[in-house]
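Please look through the model shown below before reading on.

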Amino acid sequence: MSLAIADGAGSTVAVAIDPSHHEHFMRSFRHALWTVVALAALLPGFLGWMVARRGLAPLRDICRVAAGITANRLDQRLTAAAIPQELAEVVQTLNDMLARLEESFLRLANFSSDLAHELRTPVSNLLTQTQVTLARERSADEYQDVLASNSEELERLSRTVADMLFLARTDNDLLLAHREVIDLADEVASPFDFYEALAKDKGLHLQASGSAVVCGDRLMLRRAIGNLLSNAVRHTPPGGRVTVRLDDAAVGEAVVSVVNDGETIAAEQLPRLFDRFWRVDSSRQHAGEGAGLGLAITRSIARAHQGDVGVSSADGVTTFKLRLPARPGA
């Protein structure tokens, strides 16, 4: 910068400013600004992550417990105590599912054990009789007796296998290929004729009344009614009464009631009557008893027709009720 002096003598005055402290200030300002911006961006993200992690902690607990549940540890349940209200319903639903799975696995395990037991007895009888027969020379009559005995065991095995196949088909919805209008009175009369001789030998009184019309598979419904009637005749003491009542008074429903005299069944045993291979008295085996599949088959047939079967027992009277949808328009 040039500056003129009053005496006319020319002089030059140089003025300089050091901007380094300004530059240092601006650098510090920019550094501080970017730091604040970075923290402003990262801190909410970090806080959000912490909040989300804490909020998802119950889900991690659920996953950890669920990962430890196996087919051998289905008795474990998810704890709902520390679960937020929003997840309580989910936890309850999962616990209910685990309870159903545990029950199904237990029933399957029991079923496999019972099936092995049911098949072991006739197979053991067949093997023993055959080995004894082959131990020495025998007459033709003796061989014929052994073959006749083996034939009875094989027939029982065949019925058991056929019943198991039938139940497997019902479990996989492979039934009801044919539907027709059925008068249940006719289907009751048929097994009545069959069991009349047996009832007469035991001094039983058979009685049927009422009428009802349904739409379904004739052979399957005849089998279901026959199973209920067979069960009633088998467990009614001599001189007792077996009554079959048909009723379609309820709107959209037909009911087949099979009532028989006999010992009162304990209330805690009633739901298990329809389990496969289950008997009220487990000590009774094959001496006039079935394989324990008849009532299970009856329930499967009822459910295949969108119906159901139930039982009640009190004061020496047991009643089975087979409920079926009535024929539309009936």
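**Helix 5 and helix 6**

The axes of helix 5 (residues 218-235) and helix 6 (residues 294-304) approach to within 9 Å and cross at roughly 145°. Axes here are lines fitted to C-alpha atoms, for helices over the stretch in contact, and angles run from 0 to 180 degrees between N-to-C directions. Helices (H or I, at least four residues) and strands (E, at least two) are DSSP runs, numbered from the N terminus. The crossing of helix 5 past helix 6 is left-handed, a term used if the near helix is turned anticlockwise from the far one by less than a right angle. On the helix 5 side the contact (heavy atoms within 4.5 Å) is made by M220, L221, R223, A224, N227, L228 and N231, and on the helix 6 side by G294, L295, I297, T298, I301 and A304. Sorted by class, this contact has eight nonpolar, four polar and one charged residues; Ala, Val, Leu, Ile, Met, Phe, Trp, Tyr, Cys and Pro count as nonpolar, Asp, Glu, Lys and Arg as charged, and the others, Gly among them, as polar.

The model is predicted: local features need pLDDT of at least 70, side-chain atom pairs count only at pLDDT 80 or more, and totals for chains, interfaces and linings use all residues. Residues are numbered from 1 along each chain as its sequence is written, and side-chain values use heavy atoms, with hydrogens and water left out.

Helix 6 is mostly covered, with nine of its 11 residues buried. Buried means under 20% relative accessible area, exposed over 50%, and partly exposed in between (1.4 Å probe, protein chains only). The buried residues of helix 6 are L295, A296, I297, T298, R299, S300, I301, A302 and A304. Why does T298 count as buried? T298 counts as buried because its relative accessibility is 0%. Leaving aside residues up to four places away in sequence, T298 touches A224, N227, L228 and V309. After helix 6 comes Q306, whose phi is positive, near 60°.

**The sheet and its helices**

Five strands form an open sheet in the order 4-6-7-9-8, with mixed pairing. Two strands pair if DSSP finds at least two bridges between them. Strand 4 (205-210) and strand 8 (308-314) are the edge strands, each pairing on one side only. From one strand to the next the twist averages 15°. Within this order, strand 6 (residues 241-247) and strand 7 (residues 253-261) pair in the antiparallel sense over six bridges, and D247 has V255 as its bridge partner in strand 7.

Helix 4 (residues 184-202) lies across strand 4, strand 6, strand 7 and strand 9 (317-325), running at about 175° to strand 4. Helix 6 also packs on the sheet, where it touches strand 8 and strand 9, and its direction makes about 135° with that of strand 8.

**Strands 3 and 5**

Strand 3 (residues 180-183) and strand 5 run antiparallel and are joined by four bridges. V181 has C215 as its bridge partner in strand 5. In a regular strand the side chains alternate between the two faces of the sheet. Strand 5 (residues 213-216) has a covered face, V214 and G216, and an uncovered one, V213 and C215.

**The whole chain**

The secondary structure of the chain comes to six helices and nine strands. Of its 330 residues, 30% count as buried. Among contacts with a separation of 6 or more, 68% are between residues 24 or more positions apart.
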